[in-house]
Structures are given as structure tokens and as C-alpha cells.
Amino acid sequence: MTGLSTSQWEAFEARGILRLGKVASDRQMDALRQRIDDIMLGRAAVNYDRMLMQLDSDSGKYEDAGPQTPGHKGATLNYRKIQDLEFDPLFLAYMQHPIFEDTCHRLYGPQTPIACYRAMFMNKPAGRGTFLPWHQDRWNVLDRDPLLTVYTALDSATAENGCVQLIPGSHQMGLINPDHGSGFLTTEQASARCTPDKVELLELQVGEVALLHNWVLHASDVNRSQHSRRAFSVCYMDARTMDMRAKALASQSVIFGAGALRPADQRVEQA
Ligand SMILES: O=C(O)CCC(=O)C(=O)O
């Protein structure tokens with residue numbers, strides 16, 4: 001699979017969500033799963049000081065999740081989020097799959113250099129997890145909005161284990177809170193807009209990929225099963241995007257185009 005068909009593209013534009021099916025081999029998926037567990041357990045040859053790592057909450061409440069700061073926070077599988085995975089050779093190689101390159105160039109323009117705003121592991125550990133409130137993926141410090149997230153199920157995602165829920169087509173409403181720093185909805189906005197009749201469950205099998213428009217309203221619940229629900233979520237953007245607060249490029253992590261990161265350069269010698 002190297003490019004989307006016209007009908008796939010039209011469906012993505014209309015619904016803001018497209019199920020792509022499996023992109024990587026089962027072997028590659030097994031390696032990514034093993035790798036993320038090794039990272040959590042502190043036994044991977046990666047630069048932990050460069051990775052943002054957040055522990056899961058004990059209460060299931062979003063506001064109780066641990067601080068999102070660089071560095072390892074203990075050998076446990078109870079991490080909620082791990083970011084900066086473009087600096088891991090296995091995750092980077094996956095992110096550079098031709099189908100993702102084709103999709104980025106279709107969305108942002110054929111010559112546009114592409115960076116990742118974030119390459120993150122999102123986890124709902126077995127029997128726990130943290131509720132993620134309804135939101136759009138946006139950050140008002142950026143001078144232009146990233147528009148594409150590629151979401152890959154590392155484990156099968158179901159209603160029981162806290163799969164993503166979304167409102168198809170909701171990206172067409174534009175930004176709901178354009179002046180807010182992030183895209184989270186107020187409780188009132190969520191009750192008015194995210195009614196059960198509009199919600200679609202993004203249930204996925206292991207290895208399945210979904211393309212998500214960043215403005216599609218989405219949320220996810222806690223994990224009520226005895227198995228983890230691991231996922232890999234990459235937000236791709238125009239590499240020229242500026243962080244207006246820092247007055248600097250929003251990301252140095254070019255994925256497609258001149259100066260793109262190379263998996264071989266990300267290898268770290270085991271200590
Ligand atoms: O995996 C989840 O539960 C949420 C993921 C999400 O919000 C995202 O990828 O933007």
C-alpha cells in the first residue's frame with residue numbers, strides 16, 4: 001500500500017476519519033510492542049532524557065495523571081503517555097512508511113516538508129487507564145494547525161478497553177474554541193455536541209491504522225479489561241510550522257523531505 005485511492009481520500013475529507021487497515025507486518029507490530037514495553041520497563045537503549053513520559057492516574061481522572069516531563073519514572077507498564085518516539089529507530093522507521101508520506105503530501109502539498117509535532121504512545125494499562133475528555137487536537141501557539149494524525153492500534157482496541165470514540169464529520173465545524181490554548185471542550189460543549197447518537201467507536205484490530213483529521217472531536221474511556229490497550233499516535237504537520245511563543249520552528253523532527261531523521265542515526269549504545 002503506497003497511496004490512498006480517490007474514494008479513500010474523499011471519505012477522509014468528508015468524515016475526518018479513514019480506516020486504512022494494516023500497514024505493517026505482524027512482525028513489525030510485535031517489534032513495536034516489545035519495544036514500547038522495554039522503554040516502559042527501563043531496559044531499552046534509548047535516550048530517556050529526551051523522552052516525555054507520563055504515568056497513568058490511579059483514579060482514572062485526567063487531572064490526576066502524572067506530570068508530562070522528560071525522563072523515566074520507574075519500571076512499570078502503567079505509563080499513560082510516552083512522547084518523542086521519533087528518536088527511536090523502530091518507531092521512526094514505521095512513521096516513514098510510504099503510505100503516510102503520500103497522505104501527508106496530499107494534505108499539505110506535494111513539495112511540503114513534513115515534520116512530526118508529536119509521536120506518542122497512548123496507553124490504557126490493564127484494568128485502569130485515564131479518561132480522556134472530548135477535544136480537538138490543536139495548539140494555539142502554532143502559526144498553522146497540524147491536520148493529520150495517524151493512529152495505530154498496537155493492541156486491539158474495543159469499547160471495553162477504552163478505544164477512541166469520535167464524532168465523524170465534526171472537523172467540518174472548524175475549531176470550537178479557537179482562542180483556547182488546547183482543543184478541550186467545556187463540559188457544557190461536550191454534552192451539547194457529543195451526544196451518544198453521534199458517537200462512533202474506533203474499534204480496531206491489532207496493527208490497524210486510522211487516519212484522523214486533527215479537528216475531529218474525540219475522547220476515550222478507561223480500560224475495563226484485563227489487557228493493556230496500547231496505541232501509537234503520530235501527528236504530522238508542515239515542517240515550517242512556527243511556535244509563536246518560542247519564535248522557533250515547532251519541531252526539528254523532519255520525517256519526510258530534506259534533513260529527515262534517519263532510523264540508523266537514532267541508535268543509542270546500550271549502557
Ligand atoms: O489513544 C487514546 O485514547 C487517545 C488518543 C488521542 O487523543 C490522539 O491520538 O490524539
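Ala, Val, Leu, Ile, Met, Phe, Trp, Tyr, Cys and Pro count here as nonpolar, Asp, Glu, Lys and Arg as charged, and the others, Gly among them, as polar. By this scheme, the lining of the largest cavity in the predicted model divides into 2 nonpolar, 3 polar and 2 charged residues. The lining consists of Arg80, Met122, Asn123, Lys124, Thr130, Leu132 and Ser220. Strand β5 (residues 114-124) supplies the largest share, 3 residues. The space inside amounts to about 40 Å³. The structure holds 1 cavity of 30 Å³ or more.

Nonpolar packing was examined next. The largest nonpolar core has 48 residues. Within this core, Ile39, Ile82, Leu85, Phe100 and Tyr236 have the most contacts. Ile39 is in contact with Ala44, Val46, Tyr48, Met51, Met53, His72, Ile82, Leu85 and Asp88, leaving aside neighbours within four places in sequence. Two of these partners, Ile82 and Leu85, are also listed among the core residues with the most contacts. Another core lies apart from the largest one and has 13 residues. Its members include Ala153, Val164, Leu166 and Leu204.

Met242 lies in strand β14 (residues 242-243). Its relative accessibility is 30%, so Met242 counts as partly exposed. Arg144 is 98 residues from Met242 in sequence. In space, the C-alpha atoms of Met242 and Arg144 are 7.6 Å apart.

Notes
Residues are numbered from 1 along each chain as its sequence is written. This is a predicted model: local features need pLDDT of at least 70, side-chain atom pairs count only at pLDDT 80 or more; totals for chains, interfaces and linings use all residues. Side-chain values use heavy atoms; hydrogens and water are left out. On a 1 Å grid over the protein atoms alone, a cavity is a set of points where a 1.4 Å probe fits but cannot get out, and a pocket is an open set with protein on both sides within 12 Å along at least five of seven lines; lining residues have an atom within 4 Å of a point. Grid points are joined across faces, edges and corners, and a volume is the space filled by probe spheres set on the points. Helices (H or I, at least four residues) and strands (E, at least two) are DSSP runs, numbered from the N terminus. A nonpolar core is a set of buried Ala, Val, Leu, Ile, Met, Phe, Trp, Tyr and Cys residues joined through side-chain atoms within 4.5 Å. Buried means under 20% relative accessible area, exposed over 50%, partly exposed in between (1.4 Å probe, protein chains only). Contact means heavy atoms within 4.5 Å.
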